[in-house]
Amino acid sequence: MSLLVNLAGLVVIGLIVWWFWLSSPRARTVATGAPIDILVDDGVYTPGVIEAKAGEPIELRFLRKDASPCAEQVIFEGLDISAELPVDRQKTVTVTPPAPGEYAFTCQMKMYRGKLVVR
Ligand SMILES: [Cu+2]
């Protein structure tokens, strides 16, 4: 019996690891100058991949549905930008990626993960 419980626990841990660290965000959006809405819920940013052009500001409108503290901050690595995200209220973060490359944006624990693909 306890073996089964342990196995079930391992399966759950495996799923959590896969979900948070190994699954790559699928939804992708190309910046066109209009604000981009990003939903923050269930451990993922949707869309999680934003394509943008270097030097052009993009407005990201985060809407956080996940009330857990995990989701409360978004941090843009390498850009020195972070923001608190209120629950159920849109929060606009303007980002101007300086140079081509990939810039990750995550929650403070890096469970939520998205990226800016800059050309
Ligand atoms: Cu988190």
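Start by selecting leucine 3: at 60% relative accessibility it counts as exposed, since the cut-off for that label is over 50%. Keep in mind as you click around that this is a predicted model. Leucine 3 sits in helix H1, which covers residues 2-22.

Together with Leu3 they make up a nonpolar patch on the surface, and the accessible area of the five comes to about 540 Å².

Next stop, the sheet. Colour its 6 strands and read across in the order S1-S4-S10-S9-S6-S7; the sheet is open and its pairing is mixed. At the edges you'll find S1 (28-30) and S7 (81-84), each with a single partner strand, so one side of each has no neighbour in the sheet.

Zoom in on S9 (residues 101-106) and S10 (residues 113-118). These two run antiparallel and are joined by 6 bridges. Pick threonine 106 and then arginine 113, its bridge partner in S10.

Last, go to the copper ion. Which protein atoms are its donors? Show Cys70 (O), Cys70 (SG) and Cys107 (SG), which lie 2.1 to 2.7 Å from the ion. Cysteine 70 belongs to the loop between S5 (58-64) and S6 (73-76), while cysteine 107 is in the loop between S9 and S10, so the pair ties together parts 37 residues apart in sequence.

Technical notes:
Residues are numbered from 1 along each chain as its sequence is written. This is a predicted model: local features need pLDDT of at least 70, side-chain atom pairs count only at pLDDT 80 or more; totals for chains, interfaces and linings use all residues. Side-chain values use heavy atoms; hydrogens and water are left out. Two strands pair if DSSP finds at least two bridges between them. Helices (H or I, at least four residues) and strands (E, at least two) are DSSP runs, numbered from the N terminus. Donors are N, O and S atoms within 2.8 Å of the metal (3.2 Å for Na, K and Ca); water is not among the atoms, so sites may look incomplete. Patches are made of residues with over 30% relative accessible area and no salt bridge: like charges are joined within 9 Å, nonpolar side chains (Val, Leu, Ile, Met, Phe, Trp, Tyr) within 5 Å. Accessible areas come from the Shrake-Rupley method with a 1.4 Å probe; for residues, only the protein chains shown count as cover. A salt bridge is a side-chain nitrogen of Lys or Arg within 4 Å of a carboxyl oxygen of Asp or Glu. Buried means under 20% relative accessible area, exposed over 50%, partly exposed in between (1.4 Å probe, protein chains only).
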